[in-house]
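This briefing sets out the fold, the charges and the backbone of the structure shown below. Please keep the sequence and the model in view while reading.

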Amino acid sequence: MSDDPILSARGLSLSFGAVRALDGVSLDLWPGEVLAIVGESGSGKSTLLRVMAGEARPDAGAVTYRDTLGASMEVHGMGEPALRRLARTEWGFVRQDAREGLRMGVSAGGNVGERLMATGARHYGSIREEAARWLERVEISPSRIDDRPGTFSGGMRQRLQIARTLVTRPRLVFMDEPTGGLDVSVQARLLDLIRGLVSDLGIAVALVTHDIAAARLLAHRLVVMREGRIVEEGLTDRVLDDPRHPYTQLLVSSVLAA
Amino acid sequence: MSTPMPESGYNFAYLDEGTKRMIRRALLKAVAVPGHQVPFGSREMPLPYGWGTGGIQVTAAVIGPEDTLKVIDQGADDTTNAVSIRRFFARVAPGLRTTERTAEATVIQTRHRIPETPLSEGQVMVYQVPQPEPLYKLEPRRAETRRLHALADYGLMQVKLYEDIARQGRVGSSYDHPVMVGGRYLMAPSPIPAFDNPKMHMSPALQLFGAGRERRLYAVPPYTEVRSLDFEDHPFEPLRANGHCALCGARDTYLDEMITDDRGGRLFVCSDTDHCATRREEKAA
């Protein structure tokens, strides 16, 4: 891990009318680190993710990204062309609903190849080879490379979305409830896959989840959000085994033991 | 062909001078930014949308009494659309000459083809365009396609070509195959066959495109690079039927397939009627 955070948020605030979705949130994400943002519905965690990824503009505060060369840039001040270039090269975004993150009318191979083509790949054979390799890596049979995502199960779609995001080897990936809406056994395999890929590739991940178990499995560090504020943060095991804030204690104690 | 009498009561070439000026302004902008779609205030024309209202408005804005107009539809000068547009201009533009000869024309309005006879400097091609947005089948939101053009973010189009090869084994569209103009803007060449795409590249003629229903104009100035999209290992190939013209014997022109009876009889003829007739005259002489 290097000395400087890859992404820093400082004093982020955002209100929707009278609702304060973010209220002075600051956090750092370090290269190669998985940071889980947990909290109940409406705590502002998804909004925080969208603001950090430049998809929403905060009322106050700033997000700074440090690129491969060590140059730092303001996410909300760099302009749309630069932000889009980042979003398809050094960043990735995995959505809860695979239908938002995938092109449903395009084959699995085309979905994985899109980011390659968007960054200038123009050799059909090598794009296809790379797509097949990634399908295999996320445990989808390469024989299904020409099938559309509509014919895939929910878990497969989510794995396809991950392949499509990671194919250009981003440094920073935002994940919004990547296991939401899947059944428990599928969730477990997907979490396992994400954990393997993230540690192999050394990607920094900002993971939004309401699933404490997923956070414990994947995350190095944890922040707990409530009503737009961070109420507790620390190493995952420390926060989950020794929660200090009353809300975190409530959250941890409400997990059902199997 | 008898020349119809010019009709009184209309301004020259049907449109009023204010409208022509508006269209010319949009055309100047289009020529200045090759391949970029410029909005314009499309007028009601005395023919239905889809029959060339955009092309007619562009033609009306650029022709003068000293011009010679040729109109083709699918390469032919004698089909309904071509004949009625030619008659229309003969009626509302006194002094304007019409022709079927590519070499004699100063303005050529076209639907679906570029003439086989090479174009020369000073000629103006006017294309009738049904859908000016090359990305519309991939991205239905017009605000979003404009953003993609502004950022030159054309990975999506390449994805479509990828899908074509994955399904059909080759870069797929036989007509309206997308092109990059001047290395900057992605452009729909109008529904001309892919066979004609190479003729746009470095053409000495000025090429103007009008989409009446969609209210967009765009242009390719003379001697501009026009490259058909493809992959390094699946290069663009101009498609044509594998055969020769039954009338003039040409083996290098774009061919139409004609069904001659109901027992499977068929033959190929040149789609460019003027080029075919000229070749036959030269043979007979």
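Chain A contains 10 helices and 10 strands, where helices (H or I, at least four residues) and strands (E, at least two) are DSSP runs numbered from the N terminus. This is a predicted model, in which local features need pLDDT of at least 70 and side-chain atom pairs count only at pLDDT 80 or more, while totals for chains, interfaces and linings use all residues. Residues are numbered from 1 along each chain as its sequence is written, chains are lettered from A and ligands numbered from 1 in the order in which they are written, and side-chain values use heavy atoms, with hydrogens and water left out.

**Overall form of chain A**

- The radius of gyration of chain A is 18 Å, which agrees with the value near 18 Å for a compact globule of 258 residues; the radius is taken over C-alpha atoms, and the globule rule is 2.2 Å times the number of residues to the power 0.38.
- Along the principal axes, the C-alpha atoms of chain A fill a box of roughly 55 × 45 × 40 Å.
- Of the 258 residues in chain A, 51% are buried (buried means under 20% relative accessible area, exposed over 50%, and partly exposed in between, with a 1.4 Å probe and protein chains only).
- Among the contacts in chain A with a separation of 6 or more, 65% come from residues 24 or more positions apart, a contact being heavy atoms within 4.5 Å.
- Chain A has an accessible surface of about 11300 Å², and carbon and sulfur atoms provide 50% of that surface (Shrake-Rupley method with a 1.4 Å probe; for residues, only the protein chains shown count as cover).

**Charges and salt bridges**

- Chain A carries 32 positive and 33 negative side chains, the centres of the two sets lying 4 Å apart; Lys and Arg count as positive and Asp and Glu as negative, without His and the chain ends, and each charge is placed at NZ of Lys, CZ of Arg, CG of Asp or CD of Glu.
- Over all chains there are 44 salt bridges, each being a side-chain nitrogen of Lys or Arg within 4 Å of a carboxyl oxygen of Asp or Glu.
- Arg103(A) and Glu114(A) form a salt bridge with an N to O distance of 2.9 Å. Arg103(A) sits in the loop between α3 (98–101) and α4 (108–118) of chain A, and Glu114(A) in helix α4, 11 residues apart.
- Arg103(A) is partly exposed at 26% relative accessible area, whereas Glu114(A) is buried at 12%.
- Asp147(A) pairs with Arg144(A) in a salt bridge, with the closest N and O atoms 3.0 Å apart. Asp147(A) is partly exposed at 29%, and Arg144(A) is partly exposed at 24%.
- In chain B, Arg101(B) forms a salt bridge with Glu281(B), the closest N and O atoms being 3.2 Å apart. Arg101(B) lies in the loop between β3 (97–98) and β4 (107–111) and Glu281(B) in helix α7 (residues 273–284), so this pair ties together parts 180 residues apart in sequence.
- Arg101(B) is partly exposed at 32%, and Glu281(B) is partly exposed at 44%.
- Shared partners join the salt bridges of Glu80(A), Arg84(A), Arg88(A), Glu144(B), Arg147(B) and Asp153(B) into one network.

**Backbone of chain B**

- Most residues other than glycine have a negative phi.
- Met202(B), which is not a glycine, has a positive phi of about 55 degrees. Met202(B) is in the loop between α6 (197–200) and β8 (206–211) of chain B and is partly exposed at 40% relative accessibility.
- Arg215(B), also not a glycine, has a positive phi of about 55 degrees. Arg215(B) is in the loop between β8 and β9 (216–220) of chain B and is partly exposed, with a relative accessible area of 43%.
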